[in-house]
Amino acid sequence: MTTDTAATATTTDAAGAASPAEPAALSERLAEVWAELEERLDRVPILRALAEGTVTIDDYRRLLFNLRQQVVDGSPWISRAASNFDIDHFTLRAAAIKHAEEEHRDYLMLERDYVAIGGSLDELRAGRKNLGSEALSGYMFTYADRPNPVGLLGAMFIIEGLGAKRAAGWAARFQEVLGLADNQVHFMTYHQEADGAHTGDLQAILDSGIIDDAAADEIVRCAQVVARLYALQLEELDR
């Protein structure tokens, strides 16, 4: 989302109906959520095995299999959120539509990686979500159904942040341990650049002073929930 996407995220007016949240305070609250997520990710079995160098190609195949079942829902929930922004939130709606278009082919990259490491495309597409992915997708679609779901900026903080800050590092480590080629980790490496741009736009919104206190609370709460559920889907592979 670009910096103009939150132009109507707060309802501040001449009568002082709402006051902007302190950007630094919001950033600090989100930083705390991120720190808690990092600690939880360090305890996820497959990521611990990756860090220790004991991860296997079967582990990587399972990871892609499980991620795909949730990634395929990304563009649909963003599109649903777009449809629930009213005319006063037109720029947010337009930005969500653009973002959905950018995301709707992501799962195809993941599928190509999966096939490149010997996985069956038919089996991948016939797979079901694990427990964590069911919870994460369910939450995202439910939240996207709310009128003017500005709190989803918190979800983007987590999801895009993982792509920008962690995915490329995971890809490099999988390559180092398993000897994988670039075309077998493309989904992860791609998101360092793509999500890096998205997080920059998002941070500009959060720092702009146009988010009111109520919206800030929603953003932080949504970030907390999505952080927990994202970690859960990594913990519950194949369940």
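What percentage of the 239 residues in the protein chain do buried residues make up? In this predicted model, the share of buried residues is 49%.

**Figure 1. Overview of the helices in the protein chain.** The chain contains 11 helices and zero strands. Followed along the sequence, its pattern reads α-α-α-α-α-α-α-α-α-α-α.

**Figure 2. A patch of negative charge on the surface.** Six residues are to be found in this view: Glu-22, Glu-28, Glu-32, Glu-36, Glu-39 and Asp-42, which gather in a negatively charged patch on the surface. One of them, Glu-36, lies in helix 1, which covers residues 23-41. Glu-36 has a relative accessible area of 53%, and exposed means over 50%, so Glu-36 counts as exposed. An α-helix has 3.6 residues a turn, so residues three or four places apart point the same way.

**Figure 3. The bend in helix 9 and the residue after it.** Helix 9 runs through residues 152-178 and bends at Arg-166 by about 45 degrees. Just after helix 9 comes Gly-179, with a positive phi of about 70 degrees.

Figure 4. Ala-135 belongs to helix 8, made of residues 131-144. Along the chain, Ala-135 and Leu-229 are 94 residues apart.

Notes
Residues are numbered from 1 along each chain as its sequence is written. This is a predicted model: local features need pLDDT of at least 70, side-chain atom pairs count only at pLDDT 80 or more; totals for chains, interfaces and linings use all residues. Side-chain values use heavy atoms; hydrogens and water are left out. Patches are made of residues with over 30% relative accessible area and no salt bridge: like charges are joined within 9 Å, nonpolar side chains (Val, Leu, Ile, Met, Phe, Trp, Tyr) within 5 Å. Accessible areas come from the Shrake-Rupley method with a 1.4 Å probe; for residues, only the protein chains shown count as cover. A salt bridge is a side-chain nitrogen of Lys or Arg within 4 Å of a carboxyl oxygen of Asp or Glu. Lys and Arg count as positive and Asp and Glu as negative; His and the chain ends are not counted. The place of a charge is taken as NZ of Lys, CZ of Arg, CG of Asp or CD of Glu. Helices (H or I, at least four residues) and strands (E, at least two) are DSSP runs, numbered from the N terminus. Buried means under 20% relative accessible area, exposed over 50%, partly exposed in between (1.4 Å probe, protein chains only). The bend at a residue is the angle between axes fitted to the seven residues ending there and the seven starting there.
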